[in-house]
Amino acid sequence: MLTFTLRRLLLAIPTLFVISLVIFLLVDLAPGSPMSEIPLTVPPEVRKKMIEALGADQPVMVRYVLWLRQFFWVEPATLFDGWFGTNLAGGEQRILSWQSRAPVFTIIGQRIPQTLTVIGTAYLVGVLIALPIGIYSAYRQYSLFDQLGTLFAMIGFSVPTFFSGTLIIIIFAVTLGWFPTKYDTNLAVTDWPSFLQQLRQMAMPVMTLGLANAAVISRYMRSSMLDNMTMDYVRTARAKGMSERVVVLKHVLRNSMIPVVTVIALGIPSIFGGAIITENLFGVNGIGAALIGAIHASDLPMVQTLAFIFAVLIVTFNLIADVLYGLLDPRIRYD
Amino acid sequence: MPDRAAPVLDVRGLKTVFRTRGGEIHAVNDVSFHLERGELLGVVGESGSGKSVTMMSLIGLLPSPPAEIRAGTVMLGEQDLLKISADQLRAVRGARVGFIFQDPMTSLNPVFNVGFQIAEPLRRHMGMTKAQAAKRAVELLELVGIPDAAKRLGDYPHQFSGGMRQRVMIAIALACDPDVLIADEPTTALDVTIQAQILELVKELRVKLGMAIIWITHDLGVIAAIADRVMVMYGGQIVEQAPVKDLFANPQHPYTRALLKTIPSLTGAREARLQVIEGQPPIMTAAPTACAFRARCGHAFDRCEVDNPKRHAIDGVALGQGHDVACHWAPVTAEAAHA
């Protein structure tokens, strides 16, 4: 397993290099100029100077290599300096956003907590709802509960979040008035009342995304349980006199979790990617919103860096899913 | 060996029906038999003749729905297994009745090690601690002839060969010293040499542990090698029942005779073609009112169409104790039987 993990990690290096190049070139092809949001009253020679100051006039390969150096050396070094008070980065230029002129990683650092709290909670809630629904639906296949579970999953699958989110706002914020319509990013949780307020403002986006996530995962769980429920070893467990609880929640579930854990692990990168629509709908100022803003402003360093970070997360969680697979299923040995 | 006084298992009038969308399937029709202490009862018949369904009905192993047990009593000692609660039945399964299944490749749970799987019934039924169960599991693995038993407890099923897995299944079935062991085609999925090993093992264990065994198979050769008494099933009914020697010497039911003819002979002139029984076993969509075998029987006549033959003794002994058969023609002479 260790050799396998190391081999995969080494293999990830060329993969990520290729991905970074492709991202860089693709994003560079996009039309638009970093000056598009600068007022038209600014004279052309000043604009030219501004573009030069940003380094946007450099050829794409030069910018790419510079970006590589910044991403893999300057940024980690700066982070290290920040922790231990050293001076590894030596004041070198960090990756700057063309839009705000602030370091890209500073912006990410500001946005990621919102995304993780809201989208992460929604994912967790989705998983926690989905697993019991999937298990019980399979155990009582075609029962009323199963039919309702199927209906729930169909709704979660097919209704887009901009619709379900709006519906939830109308029901819970407008009609019932339980939750605030807008997410207040500046709310600091310091005491019990502010914690409750945070929970209230998280409730609706978490509901919206949780529904969508739960729909997908509960289907996986159900079908995986159904696959295993008819296996011979289940009959063996019953023949041994095991209680239904042990048969279903130990023998069947342990086998059924193998593919589901993989699906759950592979879904985690999407949390960091944020949910662009949901974040916009509820005014959560997260990563998704940052990415959209950067695309609008042709803020290439920001877009490239974010896209690359998502790529890193996807590669990482693929590896994690494979390792989990090996841990859960004794038949799989990678060495 | 058989002890006439107290059968360990006594089944009467068992009826099992599957309710499907296409209607009812009468899989087990009025089956009665008993099992003496220490006896090995062979059950033969083609696929679909109701052998496995009968045995699974006894201890509630059929999924319900669609299966439904309509009638009958299943006395295990003083207990009627069809009347007791699901919890009480669970206390019987694995403790007093052990079950071995056909396919050892899929009958063990792939994600738990064999030590855990053997220890499970021990801990549940005998209330053993982890350590006690592990110790007993080693004894059991040694009993079924798995070398290096202590080391193999932590191994997973995929690390065992087919024959070894079936030995593990036998160890699980024997874990709590059952009164009755039901073996549902335990050697069918194994190759012939491994099959012989497993047969030897069961013969040996039977003497050592003195339990009664029901052995389901479609291989008459296996029956001849190990059984005391044989039950031939067709269309969810028992069509012939006899001590093993009588059955082979004097087969009465045309189906039994046809089955015996399908065994290729190793001596004498080479036969042109292997003998087969034309057609397929019927799917019983209603309780039988005619002989189930009539469509494939060379001796069928008017009465077979309207009257389902009842089992009757042909040797003067009480029904079920000696040789009985469900055929209007029976008894026939031994010469005619082999004709």
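Two residues are in contact here if their C-beta atoms, placed from the backbone, lie within 7 Å. Residues are numbered from 1 along each chain as its sequence is written, while chains are lettered from A and ligands numbered from 1 in the order in which they are written. The model is predicted: local features need pLDDT of at least 70, side-chain atom pairs count only at pLDDT 80 or more, and totals for chains, interfaces and linings use all residues.

**Stop 1: two helices in chain B**

Select residues 114–125 of chain B, helix α4, together with residues 162–174 of chain B, helix α7. Helices are DSSP runs of H or I with at least four residues, strands are runs of E with at least two, and both are numbered from the N terminus. Now show the side chains of V114(B), Q117(B), I118(B) and P121(B) in α4(B); these meet V168(B), A171(B) and I172(B) in α7(B). By class, this contact has six nonpolar residues, one polar and no charged. Ala, Val, Leu, Ile, Met, Phe, Trp, Tyr, Cys and Pro count as nonpolar, Asp, Glu, Lys and Arg as charged, and the others, Gly among them, as polar.

Turn the view to look at the two axes, which lie 8 Å apart at an angle of about 25°. Axes are lines fitted to C-alpha atoms, for helices over the stretch in contact, and angles run from 0 to 180 degrees between N-to-C directions. The helices α4(B) and α7(B) are therefore roughly parallel to each other (angles under 35 degrees count as such).

**Stop 2: chain A as a whole**

Select chain A, which has 12 helices and zero strands. Its C-alpha atoms fill a box of roughly 85 × 60 × 40 Å along the principal axes. Of its 335 residues, 32% count as buried, meaning that 20 or more other C-beta atoms, placed from the backbone, lie within 10 Å of the residue's own. Among contacts in chain A with a separation of 6 or more, 71% join residues 24 or more positions apart.

**Stop 3: the two domains of chain A**

Colour residues 2–84 of chain A as domain 1 and 110–328 as domain 2; such bounds come from an automatic or database domain assignment. The C-alpha centres of these domains lie 31 Å apart. Their contact takes 18 residues from domain 1 of chain A and 15 residues from domain 2 of chain A.

The largest share, 11 residues, comes from α1(A). By class, the residues of this side of domain 1 of chain A are nine nonpolar, six polar and three charged.

Definitions and conventions
A residue is buried if 20 or more other C-beta atoms lie within 10 Å of its own, exposed if 12 or fewer, and partly exposed in between; C-beta atoms are placed from the backbone. Angles under 35 degrees count as roughly parallel, over 145 as roughly antiparallel, 65 to 115 as roughly perpendicular and the rest as oblique.
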